[in-house]
Structures are given as C-alpha cells and as structure tokens.
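The sequence and the structure are shown below.

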Amino acid sequence: MKEVQIYKVYPAIPEPLSFLDYLARNLWWCWNPEAIELFHRIHPAQWEKIGKNPVAFLSHISQRRFDDLSKDESFLGHLGRVKAKFERMFSYVSQIKEFDLDPKETIAYFSMEFGLHESLPLFAGGLGVLAGDHLKASSTLGIPLTGIGLLFREGYFKQFLDHNGWQQETYPFNDMFDLPVQKVKDSSGFEIKIEIPGPEGLITACVWQLKVGKIRLFLLDTDLPENPVIIRDITSRLYASHGEVRVAQEILLGIGGIKILSAMDMFPNISHMNEGHCAFAGLERICIIMDKYDVDFESAFQICKRSCVFTTHTPVAAGHDEFPKELILPYIQPYADKFAISNDELLSWGEPHGMKDTGKFSMFIFGAKLSGYINGVSRLHGQVARTMWQPLWPRRHVEEIPISHITNGVHICSYLSRHKNALFERYLSSDWSNRQGNPNLISRIDNIEDADLWHVHELDRSNLIKKCRDTLLAQYERRNAPRTVLDEVVSVLDHRVLTICFARRFATYKRAGLLLKDIPRLTRLITDEDRPIQLVFAGKAHPNDNEGKDIIKQIVEFARLHNVRHRVVFLENYDINIARYMVQGCDVWLNTPRRPNEACGTSGMKAAANGGLNLSILDGWWCEGFRESRGWSIGNGDAYEDHEYQDEVESQALYNILENDVIPTFYERKRGNPPEKWIKMMKEAMKMAIIDFSSDRMVREYSERFYIPASRNFKLLTQDSAWKAKELALTQSRLISLWSGIRVSTPKLTTEADFIVRDTFRITLEVFLGELTPEEVEVQVYHGKVKSSDHLEGSMAETMWLQETISEGAHIYACTITCSDSGRFGYTARVIPKGDEVLNSHTPGLITWVHGED
C-alpha cells in the first residue's frame, strides 16, 4: 500500500464564516484572547479535546453546527470584531522607523526549533519558545523579519510515567493536514524545492510556510518521495541522536534556509543565528554575496560578518555541538572550492585560534567566526560566556571579549491570563498590549484595586487546580488505577492554599529535588493546619538522562506518601499548555538552578507577568530582576566548588525563606481582606515583567543594537561596487600578515612620585611597528586598580598620541592620566588595530602587549 496517495476532505464552511479558516492558519489567533474565545465558543469540549488546534478543530465540526453559526447574530458579531482587529494588525506601520530594507530584503532569523503554540510540536524547550516569542513580537513591532526552521514529522517526544514513576517517551507523528502550514510554490504553481549535495547523495527539500501575524516562518522538509529513506529521515525527529543526522539537520537549516530565500527572490541583508545549529547559513550567504555584488571571497566575508548576529543560549561548553571533522568535510568542500581556500583552512573556522588538527569542529566557534554581533541571553550569561570563550581571543582580557548580552524576554500576551488581560484593559488601556514599552502606562497597574486583582488571581489558581485534577485523572485512568484512587484525584489540591510551582527541563543542574532535601521539614510545611503549602511539579528529562528521570521518580514517590498526596502533584507531558496554566495560577514560581548554569530561564518572567512571585537562586535573568519588593532570592549569588555542600546550604536557605518570609506574607490577612503586602509585591512583579522582560523590549533591543547597525553596515559595504568591503578585506589581510613585527617597550612615567587624587602625570612609550604605519594602529595605556600581581580591576584603555618618530618603524607615544580615585593602581600598554569593532575586537591575534605579555 506504499503507493496510496492521501487527501483530506474539509467541511464546507458557509461564506459568512469563511474568515474562520483563514484565521486558523495564522498563529496571530493564539495571542489574542478574543480570537481564542471565538474558536472556543464553537464547541468548548471539542476545542479542549483537539488540543486547541484550530485547523484540526474546524475539520471536526459538523456541517449542521456551521450552518447554525452562520445564522447566529451574536457569533457573527464576535467574528466581525476579531476580523476587524486582525485586519488592523496588517495596517499598522512599523514601530521602529530606522529600517531601510527593500520589499525583497529581510532579516533572516534561524532557529532549530520554534515554540509558538502547543498545537505545533516543533520545539523541545526554552530555546524554541524564545524563538517563537521573537517572531510574535517582531510581528507586533513591524520588524521586517523572516523565520527559518525545519518541519519535523515527529517533533519532540511526549512524556508519560509508568507505575513506578519512571519517564517513558513516545514520538507521535505530526499530520500535515492538521497543521496551519502550506507548501510554498513559485509563480507557475510548482512547489519550490532546494538541493544540497551530501555524502549520501543529493538532499532535496521542499518548504512549508507558517504565518505568525505579519511574519512568515519557512520550514524545510526532506520527507519527499524522491529522497532515499536516510535523507527523508533528516527531518523526522528534532535533535536526532546520531551525529550524521544531526550534522545533516544543521546543514539543511543553515545552507538550505539561505537557498530557500534565494529561490523566493528574497535576500537576507541581516542574518540572525539563534544558537550554533544555524551557523552553516554563513557559508551560503557569503556565496550569494559574492555572486550578487561581484566581489571576491575576502570582501564578501567582511560584508557577511558585519551584518550577522549570533545568539548563544548555553552557559556550559559541553552543551555546544561539536562534530568530527570528517562529518563536516563533505558538505563544506564545495564552499572551500568556491572561496579558493583549502579544506583545512575552512575547517579551521570551527577550531580555536592557533589550534590545528583538534579533530573536532565547534559550531559555536564557527558561528562566532562568521558574526560581528555575538550575545548571551542575560547579563550573567554574558559574563559566563566571555570567560568560557576567552581562549578564542588570545591576549584579550575577559571583560573585552566581544560577547555582549541582550536579556531574553517573553511574549506577555501569549501567557497572560484572560482574567488579568481584562483587568489591564479596564485599568490601563484597551490597547495596552501594543504599548508595553510605555512605563507610564504600565505603572497604572498600581491603580488596580487589591480586591479585583486578588479575585482574578484566585480564579487563575482555581483553573490551575482544575487542570491538575483533569490531568491526574487522565494519567491514572491510563494506568488503570482503581476507582478509590480516581475518586481521590478529583479532590487533590486546595483552592485556598499557597501554591508553589516548579516546571522546567529536568536536567540535574536545575536541581528539581532541592526542595526534597529535608523531607520531614517539607512535610511539616505541607501539612500545617493553619498555613499549609501545596506543590505542583512538571517537566521532562532528556530521553538519555537517567539522572534527570530519577529526580522525577523521587518527586512522584514523595507525592504518593499518604500525608502529602493531596497537596503534591507531578503533571505529565509538560508543554506550553500546561505551562500557561501554571504561570497563570501559581502564587510562587520556584527556580533552583546551580549558579551559573542557567543562561536565562524565562518561565519565571511569565509567572511574574501574571503576578506570581519568584523564589529563585540568583542566576540567569533573576540576577537582574530581583528586588525585595517583588520576590525572594535563595542565597546571595555565591558559587561553590563542593556541589553537595552548596545543595545543603541552599536547601536550608530555601526552607528558611519559606517559613520566615513567603508563608507569613501570603497568609497575613487583616479582617478577612486579601493579603495587602503580597498584592503589592504582585503588582511590582507584573510591572517589572512587562516593562523589563517582555519580548517587545527584547526585540526592540535587538533592533536598536544589532539589526539596524547591521543593516547600515550592509548598505555601506555593498554600495559603489563594494569598495569599502574590499578595502576592509585588504586592511585585515595586511594587518594579519604584518602584525607579528610589532614590539612594545615598557611604558615610562615622566614623574617618579606618589600622587594624590586629581593629580595628572604623563606616560611615554616606544613602539616598533615594523612595516605598519601609525595610521593603521591604536596605541593604548591600559590601567586600573591592582587586584593581584597580574590582574587589574575596572581597567580602562586610554588612547596615546604619536609624539615623535625616532627612526623607520619606531615611534614614541604619550598619554596624560588623571588620578580620579585613591588606591593602588597599575598600568601597561598595548597596540590594537585602528578600525571598527570587527577589526579591533573580533579578529583573534591582532593585539600586542608590552614585551608580548598576555
């Protein structure tokens, strides 16, 4: 039966309702409460059963129901309001005016996964959800961005627990007929396909389009009849475990993504690579720049690098993809030929500077090589990344490593409860969601009546508890639990009890079991007659992570203990839907990573937007978000080498905060009124999340700091026959070839004495530049407070001026320093290239210190 062709028959939606089908195929609906309610009212039970997937949902509605709705004035009025709002969205002009892209030009945003909604299982976790939120915010802001990803037939796994609480996995098949995607075709009506040479033969891929408001997301797919099975399986499963398949996926995403844009006559002026999986995009992009602008490889490389953004999300070196070179070589060999460089030189782009023949090809190093803008996803993560990758830029001090940070944000409207959204529309503005960047508007949250806010929060907590009961009932029914157990499930959790939620990937560093370190003490908190707590856990462990699975098992076993089983639950198959209930209904969002292993951690932002108070280790985003007025910190941000000791110290700190701060604040009620101090903290948390940690703020920051400068770079470097790019290429080549001839002598003080604050003194320095000229370099005094014999703290670089030339290639430089503070200070000197950030910071090796010191 392999030759059977599949087709599907959809219902005949009456003309007055025709917009429903159009709406179902644009993800705009999933962050607009009125649109969600429109689908829900068609058939509430079926909407929940289908998993809130409007494409599949509409195909399950009877013709009779559609006919009835086509005559229902109330429903038609609701439909009309949603349609008018949808159409207004397309008429909004960009909120960021500085973009100067032609209609066929775009910002290409690459990600291996996109988490847009639970009905589209094309993501594994936070990276994908972040990418989905980036697209949603870009739509609202009018950013000219195009998403590039892969269409996985199985996506990520679904989780269920066996009778012992051990995680099991299944990989359900994604039915294309039930997804809001459509094949991309050319003007003649033929499917657009791309081809990539590979070691197993030609990789052919088609492309599907998914609409996210005004943004288009293109998803490549190799499951085509003309491909052999080994190639069809490239897009079968997200994050394949076999190295060969994983490499092929990353080749398809990067190279295939650029090829798709070319096939559609679109040009990626700016490329944003979301993690190292996407880095191969740079190779194909260099090729099309060479052809489009008729420039050589070196010039195209300068253009590509200065218009490329690379975001890293992983604070542990082992978490970055590395592949054996022999897996990479067959794919990149054609590019080495095109660039007229050797295979070894191209492979060296994935190795640390100066290290050859490591046998490994690092996707992070490769992505960094091709990018002029590199960033981590929180302030702390930026610091961690600079330290971790310092060897890539030898002789540079860690604070000058060219990795900055833009802290992640969340799409507020996708996670804000409908009750709180209605409250915002009442107290803030009906269009508050389009004005999240206005602090004065968002500060009106302070005007919300305490009783109103507490009432809607209690509704959200009740919805979470109902979801827990329904989910647990389904879990136990699947296990054929006895009726007595099923009867108990329907009364689990209490609507009036302080509810603490913990939900995330069950990696060991997340320490989901930290709360279980002292079972007797935790049990006393749960069973307290006057001020009890209750716990809701959810999350998946990687299929190969038995340690993570064992933590889940421990939690499930604890939840089964007789005296706590009504107040502790573990929800299977954590996804966006369950996350939404949890962040909306929790009182406290618990986060216990081992610092500094949490790059950002955005779930706490979603809870805060709904008034949930974070109780967290000072890691990731909470280092920036924490104030005593809006949540609690576990510990003081200390790092310990002894992990067992760290766990013991921080678990005790967690219990102390619960007992002394969290629980008393929640249950402090005067004359039966809502908890006044708690609600004040809720309001502070909500304002913080919307103003400082929304995807609206995040995408604005990417635009202002990276996209707009990258766009300007691209325009500058490609105009007038790309003369500027050619000049940069020649300059870099000259600097690299002649830099080793530079020598720097010991700097000298013109006055030998101690100083007092506001004194000035002059430093002189002899520099031998060899064949380079003073116009090509910058000579600097590098000075700061002495922290240790070989380290300066809070260092500053002061540019020295050329005082005189004493012989061919030898020069005297000078600089005046002002004593701005008291203490012990040190200084040294160095030479760096004169030019833009890429030349003087990104190019490894182009820095010389006094006598060659590091």
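## Aromatic rings and their surroundings

In this predicted model, Arg-669 is placed over the face of Phe-666, 5.0 Å from the ring centre.

An edge-to-face pair is formed by Tyr-702 and Phe-706, with 5.9 Å centre to centre and 65° between the planes. The angle is over 60 degrees, which is why the pair is classed as edge-to-face. Both residues lie in helix 28 (residues 695–718), where 4 residues, or about one turn of the helix, separate Tyr-702 from Phe-706. Tyr-702 is buried, with a relative accessible area of 2%, and Phe-706 is buried with 4%.

The two pairs are set out in the table.

| Pair | Arrangement | Centre to centre | Angle between planes |
|---|---|---|---|
| Tyr-702 and Phe-706 | edge-to-face | 5.9 Å | 65° |

Phe-297 and Phe-339 also take part in a cluster: ring pairs link them with Phe-280, Phe-301, Tyr-335, Trp-349, Phe-361 and Phe-366.

Which residues does Asp-321 contact, leaving aside its neighbours within four places in sequence? They are Arg-246, Glu-250, His-277, Phe-361, Ser-362 and Met-363. With Arg-246, the side chain of Asp-321 makes a polar contact of 3.3 Å. Phe-361, another of these contacts, is a member of the ring cluster named above. Asp-321 itself is located in the loop between strand 10 (308–311) and strand 11 (322–324). Its relative accessible area is 14%, under the 20% limit, so Asp-321 is buried although it sits in a loop.

At 27% relative accessibility, Leu-329 counts as partly exposed. Beyond its neighbours within four places in sequence, Leu-329 is in contact with Asn-343 and Leu-347. Pro-199 is 130 residues from Leu-329 in sequence, and the C-alpha atoms of the two are 9.3 Å apart in space.

## The chain as a whole

The chain contains 30 helices and 29 strands. Its radius of gyration is 29 Å, close to the 29 Å that the globule rule gives for 854 residues, so the chain is as compact as a globular protein of that length. Along the principal axes, the C-alpha trace spans about 95 × 70 × 50 Å.

Of the 854 residues, 57% are buried. Among contacts with a separation of 6 or more, 73% are between residues 24 or more positions apart. The accessible surface of the chain comes to about 35600 Å², and carbon and sulfur atoms account for 48% of this area.

Conventions
Residues are numbered from 1 along each chain as its sequence is written. This is a predicted model: local features need pLDDT of at least 70, side-chain atom pairs count only at pLDDT 80 or more; totals for chains, interfaces and linings use all residues. Side-chain values use heavy atoms; hydrogens and water are left out. Rings of Phe, Tyr and Trp (its six-membered ring) pair if their centres lie within 6.5 Å; planes under 30 degrees apart count as stacked, over 60 as edge-to-face and the rest as tilted. Helices (H or I, at least four residues) and strands (E, at least two) are DSSP runs, numbered from the N terminus. Buried means under 20% relative accessible area, exposed over 50%, partly exposed in between (1.4 Å probe, protein chains only). A charge sits over a ring if NZ of Lys or CZ of Arg is within 6 Å of the ring centre and within 35 degrees of the ring normal. A polar contact is a pair of N or O atoms within 3.5 Å; within protein, one must be able to donate a hydrogen and the other to accept it, and residues adjacent in sequence count only if both atoms are side-chain atoms. Contact means heavy atoms within 4.5 Å. The radius of gyration is taken over C-alpha atoms; the globule rule is 2.2 Å times the number of residues to the power 0.38. Accessible areas come from the Shrake-Rupley method with a 1.4 Å probe; for residues, only the protein chains shown count as cover.
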